[in-house]
Amino acid sequence: MTTRRDFLQTLGAAGATLAGLSACGGGHGNGGTGSTQPPIAVPTSPILVIVNIDGGNDWLSMLPPNAGANLGIYQTKRATLQIPGTQQTDLGSGVGLNTDFTGMDQLHALGRVAWITGIGMPNPNLSHFTSIDLWGQGATVPAGNGWLGRFADTAFNPTGDVLRGLTVTADLPIMLKGATRSYVSITGSGGYVYPAYLLSSSPVADAATLEQGWAAALAATGPDPASAAAYQAAAAAGTLFYDAQNNPAFGAGGSLPSRTPAVLYPGDKGYPVTRLNGSALSSTLSSQFKLIAQMIAAGLPTQVFFTRLSGWDTHSNQATDHPNLQRTLGGSIKAFYDDLASITTPSGTAQDRVMILAYSEFGRRVQENSSGTDHGTAGLSFCVGRAVKGGLYGGYPDLANLDANGNMKFTTDFRSLYATVLDRWLGQATSTTDTLLGASYPRLGFL
Amino acid sequence: MAVLTAISAWTVADVQHFARRAGFGLTPEDAATLAGQAPGPAIDAWIDGTALDPAAYQAAAATADVVLEPQISANTTVAGSVDVPAVQPPHPFLVEGADAWRNSLNTAQALTAWRMQFNPYAFQERMALFWHNLFATGWHKVNNAALMLKQYQTFRTLGLARFDDLLVAVSQDPAMALWLDSVLNNAAGTKVANENYAREVMELYSLGADNGYNQTDITQLARALSGWSFTYAEADLKVNPANPSSKYPADARFRVYDGSAIAPDTRLWYGGTATTSPNMHATGTVSYLGQTFDVTTTTGGLAKGENALRSILTSRGANCAQFLARRLLTHFVTATYSATDLADVQAMIQAAGFDLRAVLKTLLKSQYFFDPANRFALAEGPVSWTVRAARMLCPPLPAASSATPPAYPAWRLVTNAATTFDQAGMKLFDPTGPNGWKEHTAWLNSNTMRYRGRLAAALALAETRSFSGATYPLFPTTVTAWFPTAPATPQDVLARLTALLQPAPLPAAVTAEWLAALWPSAFAWDAASQAKARELAFLILCSPAGQLY
């Protein structure tokens, strides 16, 4: 269990590290500290970067109540895990921002963060996997494809646009699965020209013959009724890769042009914020953001990216793990935001074009257990970008009015967030958005 | 409906279907031999592992450079550190058992792939892989090679036991206790239980989400299983090879932390020493799945709270059987079973009293399993896919173990670096979450297909890898060994490779295009044609049909 005193001791040079963050990030573009800036207009070529906070985020430790009736309940139910007021930046409305959420106070001060507290659904499910499916599908009953997959079905060119939707994770999240379109998964910056990725050492003989033979198999229909459906699934996955790796957006040798980030990211040598124990933060999310920055700088025509930071299932050891995760998440987002300012594209700077949308499958139980928190319901989403009107959206859940299992009641339907993003960021007509989500949900005012 | 009546005769194609699903495939010659036996006794023997001669396999596993981690360097300043002689690639596997703690994740993956490839009791390895996916436990949190391999060994030894016994064994398994926080589940007095394991043992390991339980059942079971932890002997405390300043147990034993004496084991899971365990176990009764259980006293040799855990199969037998039926069907038979098929298999499982050996025998002998509609209807997972291809293309154990150096795949190099199971979609021993890996078409996306292409090249195109100044084949293969009879035509080459690799039916136009491109002129079985045969094997392996089984 980490106490407040331990925390201060661990940070040691806390003043230097936290102040140093803006020094490393603030020298570029519109990053760094400063007073609130008005949002820019939604860009003509917007890019959406999804951040999956995987495992169920205890956002009560990110944006804790710091006044009013909620505060006392919070302090009672979080006897050991409560975030002291001295470790918070006041956001107003009885809500604080944990200073362990590195860099987010600066982005908030700029007015670039829309916090949607209490986001959820009418029939929440405490299973990670059911809830992940529901958030992916934009549904309250597990069924169908993902909301961004349906967007791709509608918006993407059916015979092109192979790089328009892209995950930098090795899997294909359900959120990205469409009926006719799936997103490509690319986890590295190299090897995207045939046959470079096949063998690590020796040249491939007859490479052209093999490539043509492989393409022929991908284009064919399986002749056997028993295996036809699975054949087509394999062919579709293979074709997606085949088309992506043949894409001229990848340069000579199948590799994206190398790029040196303009700022330090968590995990980089010299990044000023560490874990509680002084060791380096994880680079898991940083490396995904760096790859995306490299892709944008290379001119990939990608409109939607998907990233993930796992480890948030803090049933135990929360006092250590959650601050470390917050530092990694916040620090990576802040670094990415700053880094994007240095990338100029024909449609404007990458910082102007990118909006980050972060979500988790649920929040966690208000009452702590003996060293962490168990699964809960209503969560936190937030959007970061230059076009975002920063502030608190949705209502903060009433901690005196929990459900029968001691979990928070949601205040904003998660599909309101999706609807807002679909028509105000991704440019869908209102009616198209409503069709994609199966109903019309109130839009949020951050765009 | 799923006709679960056993088949009475089978063909070579039936045998190959069975062996792909219930093992890692058979060569055409071995399949023909098995097809000469009556299916009932043959399948019994396959599942029971009888009529096998494991001596050569055991000897190879014990001696054939299945040894030590070259990266471990002696650290004489750290007590317990062991100077380990390095063994050079390509086969630097590690031992299991008492030395299992020396493994890295890659070597653990490598030795397990080696066992899957060569264990004559293939069904044992198939079931272990199945249970590893179901009871998915992740290296990145357990961070203990010995305990991870100990759990995998449990899947081998109890993989065909009664399901309730397996469920209890997993619930008391030290790696699982670390993975899902049982070691931190403290419900003594007014403490609030940690419900991580209680939730997942129902949702992921026995019932399925929302299938017969509610949130109150979760909190009650969490109380019943509170304090379920482990201890270990002082002598089992070893130095972490990856980090000599840290130590961890090389073995451990289940123990309920209820404040009782723990001698002769003197170490608690977190390394502390004591003669009594901390008291983390709830007292009194719990109300669980409609019954009340005394979790304080023990009867019948059960651990405190085990009565509640075991009641899942009695209070919710139909739900549990349905859960198991879904998992077994999706792995072994088809992912597109009907509701009636599911109900039939569920009823069979219940009628068999959750005796997994009986269940698997009935299912894998059934007309339903052998129905042509289920043949090649599943996408194969990448580990199974790689091992099966290695069994078909690489030398079998006698030839491999008698060669100098042994002609085993360089599994250690295969599992390392870029050509990994990880990128192909199954990071063996290290799933992201406790739900393991989704099967069937979830194995297939643009990235996993990319890496299957890479693995196909490694398997078929004789890829080599340099390591420590020497060059090794990743998968040692000899094309002429694939062809007991020299092919006279390109069609002969295709027929033999298809019989070995057993893809789903290939479109005739595709194979015609392949053969025309590879052999545009007169055919002769020379070195050039043998190189083309490798290319044809590559095309089969990375084609859509090659992902199905």
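Visitor: How far apart are the end C-alpha atoms of helix H15 of chain B?
Guide: This is a predicted model. Helix H15 of chain B runs over residues 339-351, which is 13 residues. At 1.5 Å a residue the helix should span 18 Å, and the model agrees, because the end C-alpha atoms are separated by 18 Å.

Visitor: Within what arc do the buried residues of H15(B) fall, seen down the axis?
Guide: The buried residues of H15(B) include Asp341(B), Val345(B), Gln346(B) and Ile349(B). Seen down the axis of H15(B), the buried residues line one face of the helix, because they fall within an arc of 130 degrees.

Visitor: Which exposed residues does the face of H15(B) turned away from its buried side carry?
Guide: The buried residues of H15(B) have a cover that includes helix H14 (317-333) and helix H16 (356-365) of chain B. On the face turned away from that buried side, the exposed residues are Ala339(B) and Thr340(B).

Visitor: Which residue with a positive phi follows H15(B)?
Guide: The helix itself covers residues 339-351 of chain B. The residue in question comes after H15(B) and has a phi near 65 degrees; it is Gly353(B).

Visitor: What is the handedness of the crossing of H14(B) and H15(B)?
Guide: The two helices pack with their axes 8 Å apart, at an angle of about 120 degrees. The crossing of H14(B) and H15(B) is right-handed.

Visitor: How many residues of the contact of H14(B) with H15(B) are nonpolar?
Guide: From H14(B), the residues that meet H15(B) include Leu324(B), Ala325(B), Arg326(B) and Leu328(B). On the side of H15(B) they meet Leu342(B), Val345(B), Gln346(B), Ile349(B) and Gln350(B). The contact of H14(B) with H15(B) has one charged residue, four polar and, as the count asked for, nine nonpolar.

Visitor: Which helix gives the largest share of the side of chain A that touches chain B?
Guide: The contact takes 62 residues from chain B and 58 residues from chain A. On the side of chain A, the elements giving two or more residues are helix H5 (128-137), strand S6 (184-185), helix H7 (207-219) and helix H8 (225-245). Sorted by type, the residues of that side are 28 nonpolar, 25 polar and five charged. The largest share is twelve residues, and it comes from H8(A).

Visitor: Is Leu163(A) buried or exposed?
Guide: Leu163(A) sits in the loop between helix H6 (147-155) and strand S5 (165-167) of chain A. Beyond four places away in sequence, Leu163(A) touches Val184(A), Ala244(A), Asn247(A), Ala249(A), Leu300(A), Pro301(A) and Thr302(A). A residue with 20 or more other C-beta atoms within 10 Å is classed as buried. Leu163(A) has 20 such neighbours, so it counts as buried.

Visitor: Is Thr157(B) buried or exposed?
Guide: Thr157(B) lies in helix H8 (residues 145-158) of chain B. Thr157(B) has 12 C-beta neighbours inside 10 Å, so it counts as exposed.

Visitor: How many other C-beta atoms are within 10 Å of Thr404(B)?
Guide: Thr404(B) belongs to the loop between helix H19 (397-402) and helix H20 (411-414) of chain B. Its C-alpha atom and that of Lys150(B), 254 residues apart along the chain, are separated by 31 Å. Thr404(B) is exposed, and the number of other C-beta atoms within 10 Å is 5.

Conventions. Residues are numbered from 1 along each chain as its sequence is written. Chains are lettered from A and ligands numbered from 1 in the order in which they are written. This is a predicted model: local features need pLDDT of at least 70, side-chain atom pairs count only at pLDDT 80 or more; totals for chains, interfaces and linings use all residues. Helices (H or I, at least four residues) and strands (E, at least two) are DSSP runs, numbered from the N terminus. The expected span of a helix is 1.5 Å times one less than its number of residues. The arc is that of the directions from the helix axis to the C-beta atoms. Two residues are in contact if their C-beta atoms, placed from the backbone, lie within 7 Å. Axes are lines fitted to C-alpha atoms, for helices over the stretch in contact, and angles run from 0 to 180 degrees between N-to-C directions. A crossing is left-handed if the near helix is turned anticlockwise from the far one by less than a right angle, and right-handed if clockwise. Ala, Val, Leu, Ile, Met, Phe, Trp, Tyr, Cys and Pro count as nonpolar, Asp, Glu, Lys and Arg as charged, and the others, Gly among them, as polar.
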